[in-house]
Amino acid sequence: MEFLHDYGYNVFIMVSRKEAKPQTCQLSESSDTSSSESEAESEPEQVSGYHRLLATLKNVSKEEEEEEEEEEDSVTDETEMNLEDGDSDISEEEEMAAESADMQGSVASPADPEGKDGHGPPGTSEESPEEFTDAKHESLFSLETNFLKEESGGDSSLKASQDPFVQHVNTKLKEKEIQAVATNPRTTHQLKWPILGQVVFSSKFQKLETFKPPKDIDLKSVHLQKPLESTWIKTNSQFLSGPPKSSSPFTPLQKELFLIMNSYRDLFYPERTALKNGEEIRHVYCLHVINHVLKANAQVLANNSRRRSQKLGVGDDDDFRDQGLTRPKVLIVVPFREAALRVVQLFISLLEGDSKKKIIVSNKKRFNGEYGSDPEERPPNLKRPEDYEAVFVGNIDDHFRIGVAILQRSIRLYAPFYSSDILIASPLGLRTIIGGEGEKKRDFDFLSSVELLIIDQADIYLMQNWEHVLHLMNHMNLLPLDSHGVDFSRVRMWSLNNWSKYYRQTLLFGALQDAQINSVFNKYCVNVQGQVAVRNVPMTGSISQVLVQLPHVFQRMEAESLASVIDARFNFFVNKILPQYRDAVMSHTLIYVPSYFDFVRLRNYFKKEELNFTHICEYTQKSGVSRARHFFLQGEKQFLLLTERFHFYKRYTIKGIRNLIFYELPTYPHFYSEVCNMLRATGSGEEAAWTCTVLYSKYDAQRLAAVVGVERAAQMLQSKKNVHLFITGER
């Protein structure tokens with residue numbers, strides 16, 4: 001790497017001598033909004049153009065596959081029918097209407113207040129529109145009317161003072177400590193762990209404790225509830241293929257993550273990828289969930305037995321404070337049904353293990369039908385990147401919610417929310433039941449006593465609707481509006497005091513160090529035990545995965561504040577960048593736009609200025625996409641505006657690019673190299689004229705570091721020069 005200052009800007013020369021696989025910063029497993037099929041099946045929401053587009057993820061036509069693999073002339077037949085239409089994508093009004101429905105909540109049908117599950121199975125549309133719940137097993141799974149069985153070993157393990165669950169729920173806070181949290185500075189301490197790397201411990205309470213992982217741990221030392229000690233080894237066996245002498249029940253990554261989870265600290269782990277470690281992490285957080293629920297329920301059932309033996313009411317009531325204001329104690333947020341299916345399958349495996357006696361799973365067949373998928377639905381010859389295949393696998397409907405009740409070794413699926421121990425839902429599924437201000441049918445009492453919140457694959461929600469996540473967090477652990485039949489003599493005092501959020505553990509997993517995800521972790525996670533965040537910095541950056549010979553010009557724009565960045569970027573682009581590309585010589589210019597709102601603003605400006613352009617976004621119909629790609633390839637349109645969400649959901653190779661502009665740095669770092677490598681599809685002989693321009697500001701430090709590496713990013717942000725040049729490719 002060299003620095004050249006001859007032309008008034010810094011130059012970084014990077015040479016890749018061999019093709020490396022594009023760096024995959026893995027996503028996860030979801031689609032952006034509900035497919036049209038599932039929407040029609042369950043609730044009378046209007047199906048937007050965007051939902052129709054997403055439905056095609058499950059049913060990709062043969063023509064579309066051929067369109068990707070063959071020459072671009074395979075779309076000319078369709079194009080010629082409407083050449084006179086020019087850039088006739090889906091109308092601006094339709095796009096804006098679709099986006100409005102998507103961005104403002106998609107809440108046309110608040111679910112019923114019982115918190116019943118999502119959709120009926122195919123062919124049941126003639127039934128009432130109410131969501132299905134399992135009413136038949138209500139008494140069997142009731143915590144109030146059941147008692148601890150003798151063979152379950154009592155609750156002796158819960159009495160052990162060293163059990164982290166007991167220590168956590170028995171932690172006593174004082175009023176003055178709660179009041180001080182609002183003004184206390186966050187104290188932090190950084191350690192380096194063998195696998196997780198840079199780990200930052202923090203707390204807004206005065207006491208900050210840190211620890212380092214021991215070399216070895218056994219299952220007895222982590223206080224697993226029966227039968228998990230015996231079932232975990234078998235359930236986790238697929239990841240334990242290390243040397244025979246290594247008898248650890250966890251992988252090195254699982255061990256460190258579980259030690260943090262089991263200490264009941266909040267955790268942010270931003271390196272969860274669908275290809276590399278997604279399932280490994282899912283296994284370990286499911287173990288923590290089942291362990292927590294079994295302990296909590298065993299405590300309630302044991303106290304039921306004690307109260308019965310004391311003839312109900314004899315003794316100090318405070319001895320029996322063992323629950324929250326509502327029963328749901330765990331909420332798992334996942335992006336789509338396939339993820340929910342895998343979570344439930346893990347629950348069953350963890351409770352069943354090697355036991356010859358199968359556990360009772362109510363409504364399992366129905367669940368598999370609604371959350372499973374037909375492997376033949378997806379064309380086998382559709383070629384997409386590996387990380388895409390790992391994310392969009394199985395049933396990718398993203399509008400669902402289901403309650404799960406666990407009683408000793410039985411599982412009840414589709415339990416009403418107020419009879420559930422665990423809720424599994426997508427952000428959209430929760431948004432439609434939580435509702436908004438002024439809506440008659442809305443309910444969020446079931447979130448009042450959640451003790452364990454898991455948000456998995458958080459980066460996917462940036463591609464869906466991040467507002468749904470914020471809406472959920474704003475409704476967590478509020479005092480319920482109704483009593484829901486609770487016995488107040490059994491409710492923990494910290495729950496009655498409305499201090500539940502200080503006892504809620506939040507586990508946040510994603511593939512990105514993103515400002516919006518960081519903000520949620522810093523703002524909404526105030527656990528008394530403290531927080532732990534993994535903060536590793538990228539040393540190389542995804543630009544090292546660019547395989548084409550290409551000059552990358554990074555232009556820094558100045559912005560006075562974070563709020564002014566959007567306008568500053570637009571003005572900088574219109575006044576400084578666009579004039580350089582207006583000449584017809586600079587044809588075949590692709591403008592990559594991460595934000596849909598920036599896209600709309602640019603599209604309106606281009607129309608106003610009567611520039612020769614076409615555009616593709618997540619709402620564009622397939623025919624419009626085909627026309628736009630054809631016009632751009634043939635040079636009939638000089639500019640192509642492309643949104644990041646379209647690239648995320650489709651991953652088309654856009655042919656004909658000669659000039660590339662990143663209006664903003666991509667959300668996913670590997671999208672940078674993916675889009676740059678699309679120039680290889682343009683054809684040989686034109687490499688010398690290729691250009692790439694990137695806009696960034698000081699507020700884009702995280703994204704910049706992910707693309708160019710942390711050291712170069714620091715130099716670029718501190719430099720007095722506003723223009724920096726990288727050169728990649730074969731020399």
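Two strands are taken as paired if DSSP finds at least two bridges between them. In this predicted model, strand β3 (residues 197–203) and strand β12 (residues 531–534) are joined by 4 bridges and run antiparallel. A handy landmark for this pairing is Ser202, which stands opposite Gln531 in β12.

Strand β3 also pairs with strand β2 (residues 187–193), again in antiparallel fashion, and here 7 bridges link the two. Readers tracing the chain will find 3 residues between β2 and β3, which form a hairpin. As for how covered β3 is, 6 of its 7 residues are buried, so the strand counts as mostly covered, buried here being under 20% relative accessible area.

Attention now turns to the nonpolar interior. In soluble globular proteins, nonpolar side chains tend to be buried together. The largest nonpolar core in the model holds 142 residues, and Ile332, Ile422, Ile424 and Phe554 have the most contacts inside it. Helix α12 (residues 337–352) supplies the largest share of this core, with 10 residues. Apart from this core lies another, made up of 28 residues, including Val574, Tyr596, Val600 and Phe639.

Leaving aside residues up to four places away in sequence, Ile424 touches Ile332, Val334, Ala340, Val343, Val344, Phe347, Phe400, Arg401, Ile402 and Val404. One of these neighbours, Ile332, is itself listed among the residues with the most contacts inside the largest core.

Notes. Residues are numbered from 1 along each chain as its sequence is written. This is a predicted model: local features need pLDDT of at least 70, side-chain atom pairs count only at pLDDT 80 or more; totals for chains, interfaces and linings use all residues. Side-chain values use heavy atoms; hydrogens and water are left out. A nonpolar core is a set of buried Ala, Val, Leu, Ile, Met, Phe, Trp, Tyr and Cys residues joined through side-chain atoms within 4.5 Å. Buried means under 20% relative accessible area, exposed over 50%, partly exposed in between (1.4 Å probe, protein chains only). Contact means heavy atoms within 4.5 Å.
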